[in-house]
Amino acid sequence: MITQLSMHNGAALPETKLDIRYRDRRAARIENSALRVTVLQEGGHIAEIFDKGASVNPLWTPHWASIEPSAYDRHTHVQFGSGSDARLLAGIMGHNLCLDIFGGPSDEEAAAGVSAHGDGSVALYEVDASEGALVARAHLPTAQLALERRIELRDRTLGIRERVENLAAFDRPIAWTQHVTLGPPFLQKGVTEFRASATRSKVFEGEFGADDYLQPATEFEWPFAPATAGGPVDLRRFTDAPASTAYTAHLMNPARATAFFVAFSPATNVAIGYVWKRSDFPWLGIWEENFSRTHTPWNGRGLTRGMEFGVSPFPESRRRMVERARMFETPTFRWLPARACLDVEYCALTRMVDAIPESLEWPL
């Protein structure tokens with residue numbers, strides 16, 4: 001393990017640790033007196049944003065034991081399923097990056113080695129420390145992309161900057177989604193609250209799972225989604241149903257320069273939120289898994305809520321994403337020009353509060 005602690009303008013920088021182990025995975029860490037943030041070297045997942053005051057990590061840790069994506073073998077590791085998402089599920093935790101697709105690959109892409117949600121979620125990252133920050137870099141050979149993510153920690157706020165470089169000699173449409181997934185003990189049925197700068201919304205257009213309870217393909221205004229049994233469902237509080245599954249897509253408020261979501265755990269008095277530029281990521285997807293998926297590795301034990309902000313509204317194939325083109329007069333993918341780079345920045349934060357904040361602004 002390599003530990004670095006340095007000074008900047010007379011103030012102590014956060015402590016960074018490289019080459020550590022986290023849940024039997026290779027990882028790196030940045031921390032201060034308020035937060036501990038752990039990043040996995042394979043997959044690049046932000047596995048924990050641990051609030052030291054409340055002793056809770058709001059991000060999801062799967063109930064199954066994970067392995068490094070590079071170690072995955074579909075003949076040996078049958079506990080992760082047999083679909084195109086098996087390699088991803090073998091190593092997933094917390095906040096994972098979907099790049100350059102959001103959803104499953106086509107049959108032809110899967111045969112060529114493309115995983116669900118793209119290379120960004122399964123790649124090997126080189127993680128270094130630089131001036132009190134963690135810098136993770138990855139080369140995505142199948143996608144022909146290079147990626148850099150820089151994570152800085154100031155008090156209870158993470159500043160995150162990402163750069164994606166197109167290594168190909170042609171313009172290309174890409175998906176780019178921050179798949180932030182919350183889980184227990186922070187996430188509690190019928191208790192955990194949510195707010196977001198969402199407006200026009202739509203339920204997933206087909207069957208999402210065995211325990212769907214929202215009217216498919218129906219448009220609505222945040223936060224009241226249409227239930228198949230009739231009446232509205234308030235998405236601002238996590239379900240208390242015995243089993244359920246759902247996905248809804250939400251357009252972030254065009255009148256705001258920034259977009260946000262915030263989740264609040266009354267049991268711990270911790271709120272976690274993300275703030276980003278709406279011009280970078282105009283969409284938020286909300287994924288609910290509540291003891292519904294019975295196939296391996298879920299086995300009826302998964303409890304999660306994904307708050308997934310990005311350039312696309314729905315998880316779907318690359319071809320379907322391009323054919324959709326626009327929804328609610330807003331693009332559903334982003335063009336990355338030949339040999340060019342795109343840069344985005346966003347923030348994650350935690351706060352100790354007595355009630356959920358109704359709004360978040362850019363904190364840095």
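In the predicted model, strand S20 (residues 258-265) pairs with strand S21 (residues 270-277) in the antiparallel sense, over eight bridges. Within this pairing, Ser-265 has Val-270 of S21 as its bridge partner. Both strands belong to an open sheet of eight strands, arranged in the order S9-S10-S11-S12-S27-S21-S20-S14 with antiparallel pairing. The edges of the sheet are taken by strand S9 (126-130) and strand S14 (193-196); each has a single partner strand, so one side of each is left without a neighbour in the sheet. On average, and with direction ignored, neighbouring strands of this sheet are turned by 15° against each other. Strands of a sheet pair through backbone hydrogen bonds, in either a parallel or an antiparallel manner.

Strand S13 (residues 172-182) is mostly covered, with eleven of its eleven residues buried. In a regular strand the side chains alternate between the two faces of the sheet. In S13, Arg-172, Ile-174, Trp-176, Gln-178, Val-180 and Leu-182 point one way, while Pro-173, Ala-175, Thr-177, His-179 and Thr-181 point the other way, and all are buried. Strand S8 (residues 95-100) pairs with S13 in the antiparallel sense over six bridges, and Gln-178 in S13 is the bridge partner of Leu-97. Pairing between S13 and S23 is also antiparallel and involves six bridges; here Val-180 has Met-307 of S23 as its bridge partner. Strand S26 (residues 334-336) is joined to S13 by three bridges, and the two run antiparallel. Trp-335 in S26 stands opposite Pro-173.

The structure holds 21 aromatic pairs. One of them is formed by Phe-281 and Tyr-346, whose ring centres are 6.5 Å apart and whose planes lie at 70°, so the pair is edge-to-face. Phe-281 lies in the loop between S21 and strand S22 (283-290), and Tyr-346 lies in strand S27 (residues 341-352), so the pair ties together parts that are 65 residues apart in sequence. Both Phe-281 and Tyr-346 are buried. Trp-287 and Trp-298 form another pair; with ring centres 6.1 Å apart and planes at 85°, this pair is edge-to-face. Trp-287 is in strand S22 and Trp-298 in the loop between S22 and strand S23 (303-310), eleven residues apart. Trp-287 and Trp-298 are buried as well. Ring pairs also link Trp-176, Phe-261, Tyr-274, Trp-276, Phe-281, Phe-309 and Tyr-346 into a cluster.

The largest pocket holds about 580 Å³ of space. It is lined by 31 residues, and the closest to its centre are Asp-85, Leu-88, Ala-116, His-117 and Arg-293. Its lining divides by class into 15 nonpolar, twelve polar and four charged residues. The second largest pocket holds about 320 Å³. Of the 13 residues that line the second largest pocket, Tyr-72, Arg-74, Ser-82, Gly-83 and Ser-84 lie nearest its centre. The lining of this pocket has five nonpolar, six polar and two charged residues.

Ala-71 is found in the loop between strand S7 (46-51) and helix H1 (86-91). Its relative accessible area is 43%, and Ala-71 is therefore partly exposed. Ala-71 and Gly-91 are 20 residues apart in sequence, and their C-alpha atoms are 9.7 Å apart in space.

Definitions and conventions:
Residues are numbered from 1 along each chain as its sequence is written. This is a predicted model: local features need pLDDT of at least 70, side-chain atom pairs count only at pLDDT 80 or more; totals for chains, interfaces and linings use all residues. Side-chain values use heavy atoms; hydrogens and water are left out. Two strands pair if DSSP finds at least two bridges between them. Helices (H or I, at least four residues) and strands (E, at least two) are DSSP runs, numbered from the N terminus. Axes are lines fitted to C-alpha atoms, for helices over the stretch in contact, and angles run from 0 to 180 degrees between N-to-C directions. On a 1 Å grid over the protein atoms alone, a cavity is a set of points where a 1.4 Å probe fits but cannot get out, and a pocket is an open set with protein on both sides within 12 Å along at least five of seven lines; lining residues have an atom within 4 Å of a point. Grid points are joined across faces, edges and corners, and a volume is the space filled by probe spheres set on the points. Ala, Val, Leu, Ile, Met, Phe, Trp, Tyr, Cys and Pro count as nonpolar, Asp, Glu, Lys and Arg as charged, and the others, Gly among them, as polar. Buried means under 20% relative accessible area, exposed over 50%, partly exposed in between (1.4 Å probe, protein chains only). Rings of Phe, Tyr and Trp (its six-membered ring) pair if their centres lie within 6.5 Å; planes under 30 degrees apart count as stacked, over 60 as edge-to-face and the rest as tilted.
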